[in-house]
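Here is a short briefing for a first look. Keep the sequence and the model side by side as you read.

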Amino acid sequence: MRFISKLIQIILGSFFALLTLGALGLFGIYHYYAPQLPQDTDLRKIEIQVPLRIYTRENQLIAEYGEKRSRPVKLSEVPDQLKFAFLDIEDARFYEHNGIDFKGIARAVYSVISTGSASQGASTVTMQLARNSFLNADKTVDRKLKETLLAIRMEQEFTKEEILELYLNKIYLGKSAYGVAAAAETYYGKTLSQLTLAQAAMIAGLPKAPSRYNPIANPDRAMLRRNYILQRMLEFGHISQTEYQTAINEPNTAQVHKTEIETSAPYLAEMVRAEIVKRYGVTNAYTQGYHVYTTLDSKQQADAEKSLRSALLAYDHRHGYRGAEDKLDLGEFKTEEEQRDKLSTYPTFGDLQPALVLQADADSADLLVGETRISLGLNAVKWAREFKTEDRRGPAPAKVSSVLKPGDIVRVRQTDKEKNIWALSQVPSVSGALISVDPTDGAIRAVMGGFDFYYSKFNRATQAMRQPGSSFKPVVYSAALAKGFTPASIVNDAPITIPGSTWKPENFGGRYIGPTTLAEALAKSRNLVSIRLLRSIGVNYTIDYATRFGFPREDLPPNLTLALGTGMTTPLGMATAYSAFANGGYKIDPYFITRIEDNTGKLLEEFKPSRVCGDDAGFCTYTKSAETESTGSEVDKTADAMKKEEADKPFWETVAVPDPAALSPNQFPAAKRIIDNRTHYQIVSMMQGVTRFGTAARAGRALGRKDIAGKTGTTNDQKDSWFCGFTPNVVTIAWAGFDDMSKLGEGETATNVALPMWIDYMHRVLEGTPSQEWEKPVDLKEASGTDLMEDALANDATHPDRGTGAGFQYKSERDLRPQQSSQAATPRRPPERVEIPEQLF
């Protein structure tokens, strides 16, 4: 008896000793790992990496940036069947344990011993969340111990609902999808509420091994796992036998669904991306889920894309075919499927699809395009005369086989989808840019920096420094008008000698028309008049004046060539300058971001650009009312309301706000006047002459409106082609040229290249909007010379004989003086209505 008692004492003592040692061991393990684990306060800082998303003014998605595709949702938004699918396979006792499921561990150990495979997992949902949030994926005892300790602490810190919500949003589910909402979008193109039971089970099968059980990469394994999960759901009573059978019979419908881009504007998207990185840093930019709302107008952007591409393709076709993009040996491909695989490596640019020529004869050619075959006849290739130089082409092709050869990789575009008609094309070698802004505040409504962003990411609208040519002349003329000249002032259009210089500027074609008014000289872009005018008012004064428009002083040459636009600027720079002509004479700064929100919709930053609201105003209050509601810039306006916004001038009420920080949501800084109202009305009237009877008369005829004005610009050797034009509500700059400064070719002036691009875009944008004139200052006297322009704009009469009629006063270029209002006897002849080419410098 004494022996048994002694034995019991030994056993109990040993047990308590082991228990004490175990407790001490656990205590030691905890204290060893505790410093290596996150603090309690950090447990609440679990972040779900959400990509940067960029939207138009109407809330249409432009772009998404970020390695992890994530769509955080609340637990209440997750369907019960999807929650049960995850819990039934990953952690059936989730609501019963405190982070560690000892029964699950025992079951997993038994499964390994009895079957030799780890079919049962031991990690709980909480442990997986701890690993995914704070640890790496190393399969070590060290990591497992940390994971266990973290799971226990997380169960103490979070509710079960919070843990499950974090888990369902953070778990990696393959194909860069993190969280169930992203997975539903990636594999099925659906929201969570739209998933079928079978699809929910398929997604729930991914956490164990996102690659091995991926329904796209390994559909057979994925289907086995899906069906096993459905069986578990049936066993736990979370679905009925009928639901189970329906889901089992459902085929695998998973396929990769990319983020649906609603508005194509990659050049603006890149501008926004760079700005967000600058503001928040690289890491935060792509992981914090910023929602950036821009000024971009979806319709205007689509119009800009069409107009620029159409203009560049038209120029490219005028100069001939440069040959196949690549050459393949058809004998190297055993099947047509191999040919298609090779063809898929060539990207599509714009609507120009890559095609492989299979065979060609005199009458037609067969080509492989994507998953189909097409045939091209002689009409489809008749434009393809061989390119020799910018001014020379070969003869028109007489046979299709003289243009296309078997094995050629070429570009084709579908010209008629209904009739399935295709034509040969090629990616234009010429570059271009188009940018359109709202002159009342500088909001960028559309921007194209090239033919296709994925062909060339260089944004010519904002980054290409080019000479503006004659499109800079309105700045010089404005400076002269501000100094006392009028549209009726007379300047001699004749050869000029620059003392101490070998430079001998001339007009296009070497023609001169003698004494002429400034109004006609600008409309016809007479170079010699511009030079004499600049010499009269002074180069330094003109540079000072030009800086008001936003041109950096260092980009403006301090000599007489400035009169012909030899400075350097970008299309965006010209849009900034021309906005002052459009808006009544005020300086605005272009912008493209209206507000930035975080992942939850909380406002982080809101941008308040200067807006036009009259003189002597420090700040503007934009008043919404029944009358003015349609002229705001809210993103939820209808398309009809937006169209009316472009037709009506916004209603502004000027108020005195002493403290900028006190600005209310509907208050904005007031734009400052840089052109007096008299000068503004005169220069705009003169620029209207450009579009009525000057170098851009085609615009006036094509659009049939009175409220358009602008200026062409062509540089030496036709290296740059510009048209900068506007209405009171829209400023649009069109540019074309080669990146390497090659010549555009004989006759390829602004009138033939940039102007058609501008006309096509403005025709689309202005369609359905009424014409709106600029208001004439009440104190502008008729003798100021503007009446001459008004007569000219309303009169199609031809130019009378040139002579020194009554009142004509001209001494010499050195004695050039502004025309005073008392000189009312100056000949009132309207400029001749004869369209002439842009004058080159």
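H291 stands opposite E597 in strand 19. This is a predicted model, in which local features need pLDDT of at least 70 and side-chain atom pairs count only at pLDDT 80 or more, while totals for chains, interfaces and linings use all residues. Residues are numbered from 1 along each chain as its sequence is written, and side-chain values use heavy atoms, with hydrogens and water left out.

- Strand 5 (residues 291-294) pairs with strand 19 (residues 593-597) in the antiparallel sense, over four bridges.
- Helices (H or I, at least four residues) and strands (E, at least two) are DSSP runs, numbered from the N terminus. Two strands pair if DSSP finds at least two bridges between them.
- Strand 19 also pairs with strand 20 (residues 603-606), antiparallel, over three bridges. Here I596 stands opposite E605.
- Strands 19 and 20 form a hairpin with five residues between them. In the turn, G601 has a positive phi of about 95°.

- An open sheet of five strands runs in the order 15-14-27-26-25, with antiparallel pairing.
- Strand 15 (443-448) and strand 25 (709-714) are the edge strands, and each pairs on one side only.
- From one strand to the next, the twist averages 10°.
- Strand 14 (residues 431-438) pairs with strand 15 over five bridges, in the antiparallel sense. D438 stands opposite A443 in strand 15.

**Helix 14**

- Helix 14 (residues 298-318) has 21 residues. Its first and last C-alpha atoms are 31 Å apart, close to the expected 30 Å. The expected span is 1.5 Å times one less than the number of residues.
- At the start of helix 14, a side-chain oxygen of D297 comes to within 3.1 Å of the backbone nitrogen of K299.
- G320 follows helix 14 and has a positive phi, near 100°.
- Helix 14 lies across strand 14, strand 15 and strand 27 (731-737). It runs at about 35° to strand 15. Axes are lines fitted to C-alpha atoms, for helices over the stretch in contact, and angles run from 0 to 180 degrees between N-to-C directions.

**Nonpolar cores**

- A nonpolar core is a set of buried Ala, Val, Leu, Ile, Met, Phe, Trp, Tyr and Cys residues joined through side-chain atoms within 4.5 Å. Buried means under 20% relative accessible area, exposed over 50%, and partly exposed in between (1.4 Å probe, protein chains only).
- The largest nonpolar core has 114 residues. L268, F549, F581, F726 and W758 touch the most other members.
- Helix 24 (residues 754-766) gives this core its largest share, nine residues.
- A second, separate core of 49 residues includes L75, A183, A222 and Y244.
- Leaving aside neighbours within four places in sequence, F581 is in contact (heavy atoms within 4.5 Å) with residues including P474, F549, F726 and W774.

- F86 sits in helix 3 (residues 80-90). F86 is buried, because its relative accessible area is 1%.
- Not counting residues up to four places away in sequence, F86 touches several residues, among them Y167, L173, I203 and P207.
- F86 and P207 are 121 residues apart in sequence but 8.9 Å apart in space, C-alpha to C-alpha.
- T727 lies in the loop between strand 26 (720-726) and strand 27. T727 is buried too, with a relative accessible area of 2%.
- T727 touches A582, D707, I708, M762, L766 and W774, not counting residues up to four places away in sequence.

Terms used: A polar contact is a pair of N or O atoms within 3.5 Å; within protein, one must be able to donate a hydrogen and the other to accept it, and residues adjacent in sequence count only if both atoms are side-chain atoms.
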